[in-house]
Amino acid sequence: MAPKLKFAEGEKVLCFHGPLIYEAKCLKSSVTKDKHVRYLIHYAGWNKNWDEWVPESRVLKYNEANVQRQKEVQRAHSAQPVKTKKTPAKGRKSEATASSTPVREESRASTPAGKETESVSSAAKATKSQSKDCPADSGSDQPKKKRGRLDLSIESEEQYLAKVEVKIKIPEELKVWLVDDWDVITRQQKLALLPAKLTVSQIVDNYLATKKLSKLHNHSKETVLIDITDGIKEYFNASLGSQLLYKFERPQYSEVLQDYPDTPMSQIYGSIHLLRLFAKLGPMLSYTALDEKALQHVLTHIQDFLKYMVTNRSTLFNLQDYGNATPEYHRKVQ
């Protein structure tokens, strides 16, 4: 027996996206093989490219009580208290971390052995070519768009049901830096000092140099590592403006583009923005053409890179790498 639908097609609703609630419209409904209800949601006031299939648990009736709940959630989110490194608040995720939205993966054609990492790099380049059309504001109150999608049209129900969740586990030692980063940028309103002392490109190249010194290193592994590290740089350059910045950082990003028009952002920004990328990379990889075996191979390398960041965190992360914004800058933000 099919489950009863709580929401009708065309109904005005409220919908969770990450920690916040947005006004939306239910376009379609479906029931999965395991009898889970899903709705195709359009966020009011946003382009249809933001439409997405969501589980019923994220949708709320549009009524006075839930509108009040929406306002309370917004107020609570805007007034997050400072937390220490050892006890990050359960309810306060960095806005630059991966969304709570379930991430699914399209069914993929098998990738020939030795070619899986080429698909990652190619997908990153495709993402870069499309990112100019998307809002570059992960710190605003708008829903966060999943990137890495090669086709900007609305995904079909079949595509949605065919996808599986892609997760990248951020080590606890690095999560505390995401929390501190959130606090420094959004509450203390400081900015990362740019160009960074250690840029993303330098960090990635240092990782590659370290792996080359391994006794287990050989030519075939080096080829794969080069593809992986090139892919990381490409993804970073493609997604920085649309996925990895808080609202407060936007004017700084505009200034950087003017001052360094021909320089890849991976040669300007540093470790904390790279860490934000890894927190978002799961959804991006969801839209590559990798089969599950190839994807697991890529994820293994990414987790190894994160271990490298843990080992070198005392060099990579320092609160001294942030500086105070000028009064003029604050006026630009307003």
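I count a residue as buried under 20% relative accessible area, as exposed over 50%, and as partly exposed in between, using a 1.4 Å probe and protein chains only. On that basis, 50% of the 334 residues in the protein chain are buried.

**Ground rules.** I am working on a predicted model, where local features need pLDDT of at least 70, side-chain atom pairs count only at pLDDT 80 or more, and totals for chains, interfaces and linings use all residues. Residues are numbered from 1 along each chain as its sequence is written, and side-chain values use heavy atoms, with hydrogens and water left out.

**Whole chain.** I looked up the secondary structure and found eleven helices and seven strands. Both are DSSP runs numbered from the N terminus: helices are H or I with at least four residues, strands are E with at least two. Next I checked contacts, meaning heavy atoms within 4.5 Å. Of the contacts with a separation of 6 or more, 76% link residues 24 or more positions apart. The chain exposes about 16,700 Å², and carbon and sulfur atoms supply 51% of that. This area comes from the Shrake-Rupley method with a 1.4 Å probe.

**Helix 6 against helix 9.** I took helix 6 (residues 219-243) and helix 9 (residues 292-311) as a pair. Their axes lie 11 Å apart, at an angle of about 75 degrees. Axes here are lines fitted to C-alpha atoms over the stretch in contact, and angles run from 0 to 180 degrees between N-to-C directions. So helix 6 is roughly perpendicular to helix 9; that label covers 65 to 115 degrees. Helix 6 brings Val224, Leu225, Ile228 and Ile232 to the contact, and helix 9 brings His297, Val298, His301 and Phe305. I sorted these residues into six nonpolar, two polar and no charged. For this sorting, Ala, Val, Leu, Ile, Met, Phe, Trp, Tyr, Cys and Pro are nonpolar, Asp, Glu, Lys and Arg are charged, and the others, Gly among them, are polar.

**Glu249.** I found Glu249 in the loop between helix 6 and helix 7 (250-259). Is Glu249 buried or exposed? Its relative accessible area is 0%, so it is buried. Its side chain makes a polar contact of 3.0 Å with that of His273. Such a contact is a pair of N or O atoms within 3.5 Å, one able to donate a hydrogen and the other to accept it. Leaving out residues up to four places away in sequence, Glu249 also touches others, including Arg276 and Tyr329.

**Ile203.** I placed Ile203 in helix 5 (residues 200-212). Ile203 is buried, at 1% relative accessible area. Leu274 is 71 residues away in sequence, with a C-alpha to C-alpha distance of 9.2 Å from Ile203.

Conventions: Angles under 35 degrees count as roughly parallel, over 145 as roughly antiparallel, 65 to 115 as roughly perpendicular and the rest as oblique.
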